[in-house]
Amino acid sequence: MEERTGEGRGLGLRPPRKALNPSSSIWKPVRSCPARDPKQTCAEAFREKSNPHLDDDDSHRSPNSPYLAGTCPDMCPAKERAQRERLRDLSVFERLKGNPARTSPHLAVKKFCRTISTVDIQESDVRPPPVLQRTLKYLVNLVNSEEHPFEVVHDFVFDRTRSIRQDLSMQNIIDDQAISMYEEMVKFHIVSHNRLAMCWGKSDLSSLCHLNIEQLMKCLLTLFKLYDLNRLSRSLHTNEAEFYSFFVLLHLGGKIQKMGDSLSLWYRQLSLPILQSKKMHFARALIRYSQMGNYKRFFYSLEAEASDLQLRLVEPFLDEIRARAISYVNYSGYKLHPYPLMHLSKILMIKESDLEDLCHVCGLETSIDEAGLKTLPVKQTKFSLPKSGFRSYSLSAIDDVKRYVSLLIKIFT
């Protein structure tokens, strides 16, 4: 394909997209409560000048109110449990023996409340870091549950992880524990991003996908701020480069709304160790291949270099990228030589039958040549991206069942 079309022409070129800027005005500076760990000394000067919280939309804190130190020993405060039992406001995961009016401290998890304020809340209503970590571990284990449809699991864990972020914000916890929890929550949103995309055809999932991406972005931005606040030298945190790469890879999604500066400007704000890391180099190369229309290198690099989480993050965007590759072949090919689907399917790492279906979804016809091979006649004029989205065809180079099980084990261990 490269020999016939070249590397940097035609399909796939887009104007620079806007990127969320971790240092933009949506961020307020962060003040911490007295340091509980020597690593936090690097943020002392920052704390003296400011009075913020990390997740701006997840906590409503009065500027003059002190930070709380939570004392709640359970995943859900006793007062909330009792109230929700009376109102029969219990998720299927919280019901004791299936009873919608009964729960227990081992099942109930504190709900997210948009209108909560530290002025009105007591310390007994807020969970300290050890309880938050235990709660997050419980929620992460639910992600592998097959007893209920994934969208039901996602809805529950989505809400309860926002509540964890809310409790972290009200206590202004910015240490390594917070970093670890935010990394786990980012992983959850990436897994959800991937699995919700597989539930193609369910009309009520589009809003779930949008909200999940929105919270993924928020988690990443807060995590970047936490990395900076806990930095003792120019060295990187263990997973920092990979999590920065997630922000870059999200720009492969053409329908995801971006804000702030372009990626090229955002790169200038990053430290040299991050920019020179293998994970970030891979993410930037993938963006470049997509924009240049070099789809052979794009999919080769994806198979050879992507980590488990990077692959899960990128996979829901692949069908749009494949569709643009098909369009490129259609408009740049030679009319007397239909393009063999077998060859194209190997380049795009998709089963030949799925590729044929994708061509039909995009309004193109396929044919069979004299040798009995399926081909794509080029110079067709009816190509269009489907308004209803794609079916989410998987990578043909990876066995779906083995891949799914192994990735979940690797991601949450």
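Residues are numbered from 1 along each chain as its sequence is written, and side-chain values use heavy atoms, without hydrogens or water. Because the model is predicted, local features need pLDDT of at least 70, side-chain atom pairs count only at pLDDT 80 or more, and totals for chains, interfaces and linings use all residues.

**Exercise 1.** Determine how α4 and α6 are arranged, and which residues make the contact.

Solution. Take the helices as DSSP runs (H or I, at least four residues), numbered from the N terminus. Helix α4 spans residues 129-142 and helix α6 residues 176-198. The angle is about 15 degrees, and the axes lie 11 Å apart. That makes α4 roughly parallel to α6 (angles under 35 degrees count as roughly parallel). The crossing is left-handed (the near helix is turned anticlockwise from the far one by less than a right angle). Now list the contact (heavy atoms within 4.5 Å). α4 gives P129, L132, Q133, L136 and V140; α6 gives Q177, M181, E184 and M185. Sort them: 6 nonpolar, 2 polar and 1 charged. Here Ala, Val, Leu, Ile, Met, Phe, Trp, Tyr, Cys and Pro count as nonpolar, Asp, Glu, Lys and Arg as charged, and the others, Gly among them, as polar.

**Exercise 2.** Describe the packing of α8 on α11.

Solution. Helix α8 covers residues 240-249, and helix α11 covers 278-292. Their angle is about 10 degrees, with axes 8 Å apart. That makes α8 roughly parallel to α11. Next, the residues: A241, E242, Y244, S245, V248 and L249 of α8 meet K279, M280, A283, R284, L286 and I287 of α11. This contact holds 8 nonpolar, 1 polar and 3 charged residues.

**Exercise 3.** Find the crossing of α7 and α8, and sort the contact by residue class.

Solution. Helix α7 runs over residues 206-229. The axes of α7 and α8 come within 10 Å and cross at roughly 145 degrees. The crossing is left-handed. From α7 come M217, L220, L221, L223, F224, Y227 and D228; from α8, E240, F243, Y244, F246 and F247. The classes are 10 nonpolar, no polar and 2 charged.

**Exercise 4.** Which classes of residue line the second largest pocket?

Solution. The lining divides into 5 nonpolar, 1 polar and 8 charged residues.

Definitions and conventions. Axes fitted to C-alpha atoms, helices over the stretch in contact; angles between N-to-C directions. Helix = DSSP H or I, 4+ residues; strand = E, 2+ residues; numbered from the N terminus. Parallel < 35°, antiparallel > 145°, perpendicular 65-115°, else oblique.
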